[in-house]
Amino acid sequence: MRTAMAGEWTRRQFVAGLAAAGVVARGGVAAWAQTGLTGEAALRELMAGNERYVAGKMSSFQEDLKILKEKTVSKQEPFAAVLSCADSRVPVEIIFDQSIGHLFVTRVAGNMVTPEIIASLEYGVAVLGVKAILVMGHSNCGAISASIAAKAVPGQISVLYQHLMPGIAEAKGDLPQAIRMNAAYQAKLLAKGSTVIAKAIKDDGVKVASGTYDLGTGKVTLGD
Ligand SMILES: [Zn+2]
């Protein structure tokens with residue numbers, strides 16, 4: 001116990017020192033000033049985090065998680081939302097170099113838009129003030145390849161197909177293209193299918209984008 005506390009104190013002193021030196025200023029900006037960001041700036045902040053991740057220059061782990069936890073107990077002000085696949089190889093906060101309170105994340109196989117996902121993201125935008133939403137597919141997505149194959153699957157897994165097939169039809173079985181097309185299709189569905197989000201785009205400059213995460217390189221590439 002004594003050792004743990006001493007260790008923690010040392011770590012906090014270290015983090016405080018870094019903060020004083022401006023080294024962890026990015027975390028402060030991302031966590032507490034995001035409501036002032038435009039949609040474009042929020043998306044840029046998200047992509048900048050992915051660039052740090054790809055470059056191996058992550059700064060989120062230098063943030064003092066204990067302080068962040070204390071500050072976010074009663075409120076949250078995430079600057080961006082991500083609709084991602086449930087795939088275990090796509091740890092959203094890590095690949096965008098973010099920690100507690102920065103991202104509002106919804107996940108479902110095939111990163112598809114359903115009424116529940118729309119409801120969650122509407123909450124993120126209308127109540128929490130999220131300024132950018134990224135609908136993100138990923139390479140080698142099992143949900144997309146299963147939908148292309150349309151094979152019989154156990155239980156209710158095939159329920160996914162009906163949500164994914166419309167977006168990937170034009171890819172004609174090309175998996176990488178189907179993954180990109182699905183993300184773009186779901187982003188469009190979200191932007192048009194939600195009156196709350198459509199209004200936020202028009203009136204508040206909220207940005208809805210699509211993109212793809214490459215499992216091999218760690219890079220997120222935005223769609224058109
Ligand atoms: Zn997937």
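## Basis of the model

Because the model is predicted, local features require pLDDT of at least 70 and side-chain atom pairs count only at pLDDT 80 or more, whereas totals for chains, interfaces and linings use all residues. Residues are numbered from 1 along each chain as its sequence is written, and side-chain values use heavy atoms, with hydrogens and water left out.

## Overall architecture

The protein contains 10 helices and five strands; helices (H or I, at least four residues) and strands (E, at least two) are DSSP runs, numbered from the N terminus. Of its 224 residues, 42% count as buried, where buried means under 20% relative accessible area, exposed over 50% and partly exposed in between (1.4 Å probe, protein chains only). Among contacts (heavy atoms within 4.5 Å) between residues at least 6 apart in sequence, 72% join residues at least 24 apart.

## The sheet and its covering helices

The five strands form an open sheet of mixed pairing, in the order β2-β1-β3-β4-β5. Two strands are taken to pair if DSSP finds at least two bridges between them. The edge strands, β2 (103-107) and β5 (220-222), each pair on one side only. From one strand to the next, the twist averages 25°.

Helix α3 (residues 39-55) lies across β1, β2, β3, β4 (207-213) and β5, and runs at about 20° to β4. Helix α6 lies across β1, β2 and β3, running at about 175° to β2. For these angles, axes are lines fitted to C-alpha atoms, for helices over the stretch in contact, and angles run from 0 to 180 degrees between N-to-C directions.

## Strand β1 and Ser84

Strand β1 is joined to β2 by five bridges, and the two run parallel; Leu83 has Thr106 of β2 as its bridge partner. Five bridges also join β1 to strand β3 (residues 132-138), again in parallel. Within β3, Ala132 is the bridge partner of Ala80, and Met136 is that of Ser84.

Five of the five residues of β1 are buried, so the strand is largely enclosed by the rest of the structure. Both faces are covered, with Ala80, Val82 and Ser84 on one side and Ala81 and Leu83 on the other. Ser84 belongs to this strand, which spans residues 80-84, and has a relative accessible area of 0%. Leaving aside neighbours within four places in sequence, Ser84 is in contact with Val90, Val92, Thr106, Arg107, Val108, Asn111 and Met136.

## The zinc site

The protein donors of the zinc ion are Cys85 (SG), His138 (NE2) and Cys141 (SG), lying 2.1 to 2.3 Å from the ion. Donors are N, O and S atoms within 2.8 Å of the metal (3.2 Å for Na, K and Ca); water is not among the atoms, so sites may look incomplete. The sequence spacing of the donor residues is C-x52-H-x2-C. Cys85 lies in the loop between β1 and α5 (92-95) and His138 in strand β3, so the pair ties together parts that are 53 residues apart in sequence. Cys85 and His138 are both buried.

## Packing of α6 and α10

Helix α6 (residues 115-126) packs against helix α10 (residues 195-204) at an angle of about 35°, with the axes 9 Å apart. The contact is made by Leu121, Glu122, Val125 and Ala126 of α6 together with Thr195, Val196, Ile197 and Ala200 of α10.
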